[in-house]
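Have the structure open as you read, and start with a quick word on terms.

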Amino acid sequence: MGFLNKLFGNKTEEEKTMTNTKLKIGIILGSTREGRVSPQVGEWVKGIADQRGDADYEIVDIADFKLPFLGTTDGSEPGIAAWNQKLASLDGFVFVVQEYNHSITGALKNALDFAREAWYNKAAGIVSYGSTGGARAAEHLRGILAELKVADVRTHPTLSLFTDFENGSVFKPADLHQTNMTAMLDEVNAWSGALKTIR
Ligand SMILES: Cc1cc2nc3c(=O)[nH]c(=O)nc-3n(C[C@H](O)[C@H](O)[C@H](O)COP(=O)(O)O)c2cc1C
């Protein structure tokens with residue numbers, strides 16, 4: 001019966017659940033400082049993503065989890081477990097990355113370090129900003145993601161603090177970034193779906 005089902009394309013209940021359930025993609029805001037611009041960028045990503053209807057997209061704000069600095073507490077803060085549960089519930093990620101001293105923020109690195117298995121065998125895209133589009137921070141993040149078994153896709157929208165933000169604070173993205181965002185989300189979805197099959 002299993003063989004005939006395979007031959008004629010009838011899906012098992014398990015396969016139906018896997019293919020019918022929409023992927024869950026978290027849009028992770030990498031900065032937590034007062035006055036940050038990452039929520040504006042995150043909303044823009046979500047706006048483009050939601051129009052696609054191909055996955056459930058949600059903004060995941062590291063600040064909401066009130067993570068302590070890794071190793072400085074007994075680890076009982078509820079935010080640590082909640083952070084891991086949130087990541088475990090997601091199939092893929094879009095990291096909203098800002099450049100701080102040519103790298104990612106300390107807050108994002110701390111949050112990355114606070115989980116392990118919850119990251120494994122998932123896909124991610126990166127959208128970054130800074131004076132040079134946040135490229136240096138994004139490349140640092142790629143190295144970290146490799147260690148966490150997160151497959152980072154190639155297409156990478158880079159936003160300039162000079163031309164995509166008014167006064168470095170009001171987000172007004174150039175139209176061209178929309179095309180890159182779409183290509184990046186195509187890749188994140190394809191890889192997130194593929195990697196789900198090996199978890
Ligand atoms: C501590 C710090 C270091 C920064 N270093 C850089 C840098 O090396 N390169 C760069 O392009 N921008 C740098 N910036 C500018 C930030 O990219 C810019 O302020 C951006 O808006 C920060 O993201 P956020 O508003 O989401 O916090 C730095 C900002 C801060 C606060």
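## Ground rules

A polar contact here is a pair of N or O atoms within 3.5 Å; within protein, one must be able to donate a hydrogen and the other to accept it, and residues adjacent in sequence count only if both atoms are side-chain atoms. Thr105 gives an example: a polar atom of its side chain lies 2.6 Å from the backbone oxygen of Gly30.

This is a predicted model, in which local features need pLDDT of at least 70 and side-chain atom pairs count only at pLDDT 80 or more, while totals for chains, interfaces and linings use all residues. Residues are numbered from 1 along each chain as its sequence is written, and side-chain values use heavy atoms, with hydrogens and water left out.

## The chain overall

The protein chain has 7 helices and 8 strands; these are DSSP runs numbered from the N terminus, with helices (H or I) of at least four residues and strands (E) of at least two. Of its 199 residues, 44% count as buried. Buried means under 20% relative accessible area, exposed means over 50%, and partly exposed is in between (1.4 Å probe, protein chains only).

Contact means heavy atoms within 4.5 Å. Take the contacts in the chain with a separation of 6 or more: residues 24 or more positions apart account for 80% of them.

## Two nonpolar cores

A nonpolar core is a set of buried Ala, Val, Leu, Ile, Met, Phe, Trp, Tyr and Cys residues joined through side-chain atoms within 4.5 Å. The largest one has 29 residues, and Ile28, Trp83, Phe95, Leu112 and Trp119 have the most contacts inside it. Helix 4 (78–88), strand 3 (92–98), helix 5 (106–113), strand 4 (122–130) and helix 6 each supply at least two residues of this core. Helix 6 gives the most, with 5 residues. There's also a second, separate core of 24 residues, which includes Leu29, Val94, Val153 and Met181.

Helix 5 has Leu108, Asn110, Ala111 and Leu112 buried. Their cover includes strand 1 (23–29), helix 4, strand 3 and helix 6.

Trp119 is worth a click. Setting aside neighbours within four places in sequence, Trp119 is in contact with Ile28, Trp83, Leu87, Phe93, Phe95, Ala111, Leu112, Leu148, Lys149 and Val150.

Lys149 sits in the loop between helix 6 (135–147) and strand 5, and is partly exposed at 43% relative accessible area. Besides Trp119, Lys149 touches Tyr120, Asn121 and Lys122, not counting residues up to four places away in sequence. The C-alpha atoms of Lys149 and Lys122 are separated by 7.2 Å, although the two are 27 residues apart along the chain. Val150 belongs to strand 5 (residues 150–152) and counts as buried, with 3% relative accessibility. Leaving out neighbours within four places, its contacts are Trp119, Lys122, Ala123, Ala124 and Leu145.

How far apart are the end C-alpha atoms of helix 7? They are 31 Å apart, which agrees with the 30 Å that its 21 residues (176–196) should span at 1.5 Å a residue; the expected span is 1.5 Å times one less than the number of residues.

Its buried residues are His177, Met181, Met184, Leu185, Val188, Asn189, Ser192 and Leu195. They cover an arc of only 140° around the axis, so they're on the same side of helix 7; the arc is that of the directions from the helix axis to the C-beta atoms. On the other side, Leu176 and Thr179 are exposed. An α-helix has 3.6 residues a turn, so residues three or four places apart point the same way.

## The ligand and Ser31

The ligand is surrounded by 14 residues, the closest being Ser31, Arg33, Tyr100, Tyr129 and Ser131; a residue is near if one of its heavy atoms lies within 4 Å. A polar side-chain atom of Arg33 lies 2.7 Å from an oxygen atom of the ligand, and a backbone N or O atom of Val37 is 2.8 Å from a ligand oxygen. A ligand nitrogen is 2.7 Å from a polar backbone atom of Asn101.

Ser31 lies in the loop between strand 1 and helix 3 (38–52) and counts as buried at 2% relative accessibility. The side chains of Ser31 and Ser38 are joined by a polar contact of 2.7 Å. Thr105, also buried at 3%, is in the loop between strand 3 and helix 5; its contacts beyond four places in sequence are Gly30, Ser31, Gln98 and Tyr100.
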